[in-house]
Amino acid sequence: MSDSSTKGWRGYYLDVAHRFIPADLRQDVAVLARAENVINASLLAAIAGPAYALVYWMLGQELAALEILAASLVMLLAPPVLRLSGSIALARDLYLSALFFNMVWLSWFLGGIRSPTASWLLTAPVVAMFLGGPACALAWLAMSCAAAAALWGLPAFGLLAPPLPEGPMLDMPLLYLACDLGLFVVVLGFVLLFELTKTEGFVRLQSAMATIHELAIRDELTGCHNRRFLLGLVEREKERSDRSARPFCLCLFDIDFFKRINDTYGHGAGDQVLRCFAQAVKGEIRASDAFGRYGGEEFLLMLPETPVPDALVLAERVRIATAGLRCATETGTGGGGGGDAELITLTVSVGVAAYRPGEPSAHTIARADEALYLAKALGRNRVQCHEADEQLPALVPDSRPGAEGGTGCDQLTGLLSRKLLRERLRDAMRRASRNRRLVALLLLNINGFKEINHALGCEAGDALLSQAGQAIRQCLRATDSVGRWSGDEFIALLEDLVFASDAQAVAEKILDRFGLPLVVGGRECFVTLAVGVALYPAADCDLDALLRRADSAMRSAKRMGENSVQVYSGDWAQPQSERMALKNGLRDALAQGQLFLEYQPQVDLATRRVVGVEALLRWQHPEYGLVAPGRFIPLAEETGMIVPIGDWALRTACLQNRAWRAAGLPEIKTAVNLSARQLKEPALLARVLAILRETGMPARCLDLEITEGMLIEDLDANCALMNQLRQAGVLVSIDDFGTGYSSLNYLSELPVDILKMDGLFVRRLAARAGAGADGGSRDGRSYALAEAIVAMAHRLGLNVIAEAVETPEQLADLCAMGCDVAQGYLFARPLPPAGVAAMLARQGGIELGTGADAGIAPLVLH
């Protein structure tokens with residue numbers, strides 16, 4: 001129990017009451033309240049029962065007194081029953097039954113419905129309301145009404161008359177008065193006891209809510225306000241300032257060289273530094289100020305009704321107090337924690353900005369951040385006020401869209417202004433020259449912005465600019481800078497780059513983000529960019545020259561089409577690389593029908609008939625012509641376009657297979673390659689089966705080819721996927737076997753149907769052709785490897801397809817090994833659908849030879 005100095009009689013009573021309540025009933029507040037009410041009712045019975053028994057004894061009604069004592073004793077059994085059974089309902093019903101019996105018996109004994117205790121029938125439903133709720137109260141109210149009706153009806157209809165009480169009756173009016181007063185006292189006592197436990201529950205609930213609220217608004221590490229709550233306080237102060245025209249200031253603190261502290265002494269020391277700094281600031285600020293952790297090693301202080309000069313004085317006081325801090329940290333390496341204590345000296349940089357009536361609070365924070373950036377650039381350990389706030393801290397900003405007003409913050413987008421961008425660029429170039437690290441300047445122009453403004457209106461155009469600026473900001477690191485350079489142009493400044501390609505990667509990331517629409521005025525707008533990139537250090541390049549180079553590269557990108565990136569090189573922008581052109585054009589290739597499929601026949605070497613085709617993806621680029629798959633498939637993998645392109649290829653191949661069968665041609669299988677990106681898609685199985693249903697192609701005619709390297713990356717998941725595909729009737733092939741892992745252990749575990757021998761092994765068979773003409777002078781190793789692959793596959797129950805068969809000698813070797821199927825230029829180059837149809841149509845009358853001397857001729861259809 002608690003100490004008596006901190007716990008009154010209420011606490012002692014509740015402690016005793018809780019001894020009768022099982023622990024599991026104390027977990028829920030509502031259940032605990034019901035259980036406490038049972039204890040309260042029993043306590044009331046223990047007090048009131050003997051008192052009323054004494055009254056009736058003094059009135060000469062000994063039998064009534066004994067009945068009251070017996071009923072009170074039963075009611076007192078409710079708490080032990082609750083403790084032993086753990087059932088509130090059982091204890092409650094025991095109590096109410098004894099109470100109900102007591103009142104009914106007394107009323108009948110004292111004369112029926114006219115007796116002084118008849119009104120006490122009301123107590124059972126009233127007490128039931130507290131003990132069991134409305135449903136319980138209604139049940140006992142019905143019973144009380146039935147009892148009252150019986151007390152009246154039995155004598156009234158002559159069925160049964162109540163007994164006359166024996167013994168002298170002193171004064172019936174006195175008895176009525178005693179019963180009425182007793183009823184009032186009992187009800188009042190029970191309500192008071194209920195209020196006692198209810199109030200205690202509310203106190204506990206209020207305490208718990210206060211704890212939750214404290215956790216919600218406090219930073220767990222430092223104990224000061226967290227960012228979310230602090231920004232809410234700033235927003236409320238903004239509203240008060242707008243109403244009262246009283247200024248307030250924001251101070252943004254950054255602990256200097258905090259990352260170095262973390263790296264040198266460990267994160268534990270870093271946490272201790274944050275706590276020490278927070279305590280130091282709390283000791284310097286006023287009670288009305290709001291202070292909290294803004295993020296990482298940054299803290300934000302709001303000074304209500306404080307002009308700039310006073311804010312600078314307070315910020316300087318905090319800076320001086322921080323400089324005097326010495327944070328102790330353990331630097332020993334032993335496991336017992338007995339390391340030497342080392343003192344860490346701290347300094348802090350401070351940016352100060354004043355709120356300007358009417359502006360968003362985010363703009364004030366942005367100006368404080370700009371001032372902080374300047375303080376750090378000037379050497380750290382200093383207080384810096386934003387230059388626009390030094391003279392006119394309460395000046396209302398220009399409300400025109402895009403007006404800078406000298407604030408250093410673009411009023412429309414909230415990004416850095418042109419002036420501050422130049423300052424940051426100058427500082428970044430200075431650091432880049434000193435540190436020998438690259439700085440990249442990205443100039444981003446929104447294509448067709450004038451048309452958007454004209455079509456949707458100026459307000460929609462402003463909203464689009466604001467969203468575009470935020471989208472660019474989200475693609476950058478926290479250390480990068482971004483601002484609005486002019487009407488529809490933005491600049492992103494990337495510092496501390498290792499490779500020039502890093503800048504291009506960021507530009508491509510931004511372009512990918514703008515592949516998603518921006519919502520303006522309830523409409524979705526697809527926006528494209530032209531991005532020019534200029535790098536520093538570079539020969540003969542100052543700030544203005546760097547800006548001109550970025551502008552030149554951007555204009556060159558604009559000429560190349562939508563969503564293009566140009567990197568400046570030499571005296572002019574380098575023509576856009578083929579890689580970037582292909583990468584940017586993949587989406588258009590799919591939408592504009594530039595992609596198509598060709599099919600290479602696969603020939604059964606036993607029957608010399610075409611039994612299948614492999615679908616091969618091609619791209620007819622409007623500028624580069626026919627693009628080889630090896631040039632654009634990796635780019636499609638990088639951008640994620642391989643997924644929609646793969647779906648298109650699978651659907652197109654299935655439709656073509658169905659068209660051949662519909663034309664009366666023999667049934668053949670179609671092999672389609674799956675990429676690594678497709679294999680990782682969780683919905684791949686569902687998409688494959690859906691395409692088969694849509695196109696009406698039998699699952700047995702589809703062969704999905706997967707390279708062995710892709711399969712081994714996630715063996716368990718891929719095995720499960722292939723099992724599901726095979727259960728659906730789809731064939732699965734290992735493509736390019738022999739160029740990846742080539743593990744017998746893996747191969748034995750993979751649920752596949754076909755093994756495709758890589759063309760490398762087949763080409764090596766041709767290398768022996770000059771060694772002799774008798775066929776017995778084969779290159780032993782090459783032949784042995786290929787033969788071993790075929791034999792191994794057959795032992796595992798797999799069919800073997802040989803790729804890149806180009807000479808009769810290769811074909812003869814493959815036939816000797818027992819290879820099942822082959823494909824290559826010896827039979828046919830990749831053909832359009834009509835070429836395959838013509839081959840299948842003629843196949844019934846064509847019989848291929850068995851070797852060069854037997855008249856095997858390459859069947860090449862152009």
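**Notes on the predicted model: sheet, hairpin and helices**

1. Strand S1 (residues 249–255) runs antiparallel to strand S6 (residues 348–354), and the two share seven bridges. Ile255 sits across from Val348 in S6. Strands count as paired if DSSP finds at least two bridges between them. Elements are DSSP runs numbered from the N terminus: helices are H or I with at least four residues, strands E with at least two.

2. A word on the source: this is a predicted model, where local features need pLDDT of at least 70 and side-chain atom pairs count only at pLDDT 80 or more, while totals for chains, interfaces and linings use all residues. Residues are numbered from 1 along each chain as its sequence is written, and side-chain values use heavy atoms, with hydrogens and water left out.

3. Back to the sheet: it is open, has five strands in the order S2-S3-S1-S6-S7, and its pairing is mixed. Strand S2 (290–295) and strand S7 (383–385) are at the edges with a single partner strand each, so one side of each has no neighbour in the sheet. On average, neighbouring strands of this sheet are turned by 20° against each other, direction ignored.

4. Helix H12 (residues 308–323) packs on that sheet and touches S1, strand S3 (298–303), S6 and S7. The direction of H12 makes about 170° with that of S6. Contact here means heavy atoms within 4.5 Å. Axes are lines fitted to C-alpha atoms, for helices over the stretch in contact, and angles run from 0 to 180 degrees between N-to-C directions.

5. Now the hairpin: two residues link S9 to S10. Strand S9 (residues 481–486) pairs with strand S10 (residues 489–497) in the antiparallel sense over five bridges, and Val482 has Ala492 in S10 as its bridge partner.

6. For the helix pair, H14 (residues 418–435) packs against H18 (residues 543–560) at about 105°, with the axes 10 Å apart. That makes H14 roughly perpendicular to H18 (65 to 115 degrees). On the H14 side the contact involves Arg422, Leu425, Arg426 and Met429; on the H18 side, Leu543, Asp544, Leu546 and Leu547. The residues of this contact divide into five nonpolar, no polar and three charged.

7. Last, helix H11 (residues 267–282): its 16 residues reach 23 Å from first C-alpha to last, close to the 22 Å expected at 1.5 Å a residue. Its buried residues include Val273, Leu274, Phe277 and Val281.

Methods. Parallel < 35°, antiparallel > 145°, perpendicular 65-115°, else oblique. Nonpolar A, V, L, I, M, F, W, Y, C, P; charged D, E, K, R; others polar. Buried < 20%, exposed > 50% of the residue type's maximum accessible area, 1.4 Å probe, protein only. Expected span 1.5 Å × (residues − 1).
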